[in-house]
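Here's a quick briefing to read alongside the model. Have a look at the sequence and the 3D view before you go on.

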Amino acid sequence: QVHLVESGGGLVQAGGSLRLSCAASGRTFSSYAMGWFRQPPGKEREFVAAINWSGGSTHYADSVKGRFTISRDNAKNTVYLQMNSLKPEDTAVYYCAADFPLTPPWSDYNFARVESWGQGTQVTVSS
């Protein structure tokens with residue numbers, strides 16, 4: 001089991017930036033994929049971004065391509081989500097996820113395939 005702790009959420013104006021971090025513990029960090037999902041208010045949880053064990057392969061939801069960047073530092077057991085050009089529709093609780101198959105399509109991904117979830121961090125983008 002992997003334990004995940006997110007940080008970095010907050011309130012930002014539209015057009016601004018935030019960086020989320022997720023620290024992992026419990027298993028060898030470099031042995032599994034990591035990712036971010038989010039749940040907007042009143043909506044279902046959705047995929048945002050994912051990265052493979054080495055950082056050599058990344059995946060993004062169409063809605064965040066070109067604005068968000070996922071990265072990982074295996075020496076620090078941490079995955080990051082750099083969010084630029086934020087929009088009000090990016091407002092959501094963001095969840096870090098560990099150890100799941102990187103198998104699109106992401107639009108109807110089976111969340112039961114994710115082994116571990118963080119507690120979530122709120123991101124609010126004001127217009």
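This is a predicted model: local features need pLDDT of at least 70, side-chain atom pairs count only at pLDDT 80 or more; totals for chains, interfaces and linings use all residues.

Residues are numbered from 1 along each chain as its sequence is written, and side-chain values use heavy atoms, with hydrogens and water left out.

**Aromatic rings**
- Phe-37, Phe-47, Tyr-95, Phe-100, Trp-106, Tyr-109, Phe-111 and Trp-117 make up one aromatic cluster.
- Rings of Phe, Tyr and Trp (its six-membered ring) pair if their centres lie within 6.5 Å; planes under 30 degrees apart are stacked, over 60 edge-to-face, and the rest tilted.
- Phe-111 and Trp-117 have ring centres 6.2 Å apart and planes at 80°, so they're edge-to-face.
- Phe-100 and Trp-106 are both buried (under 20% relative accessible area; exposed is over 50%, partly exposed in between, with a 1.4 Å probe and protein chains only).

**Core**
- The largest nonpolar core has 37 residues; such a core is a set of buried Ala, Val, Leu, Ile, Met, Phe, Trp, Tyr and Cys residues joined through side-chain atoms within 4.5 Å.
- Met-34, Trp-36, Val-79, Leu-81, Met-83 and Tyr-94 have the most contacts inside this core.

- Asn-52 counts as buried because its relative accessibility is 15%.
- One polar atom of the Asn-52 side chain lies 3.0 Å from the backbone nitrogen of Gly-55.

Technical notes
A polar contact is a pair of N or O atoms within 3.5 Å; within protein, one must be able to donate a hydrogen and the other to accept it, and residues adjacent in sequence count only if both atoms are side-chain atoms.
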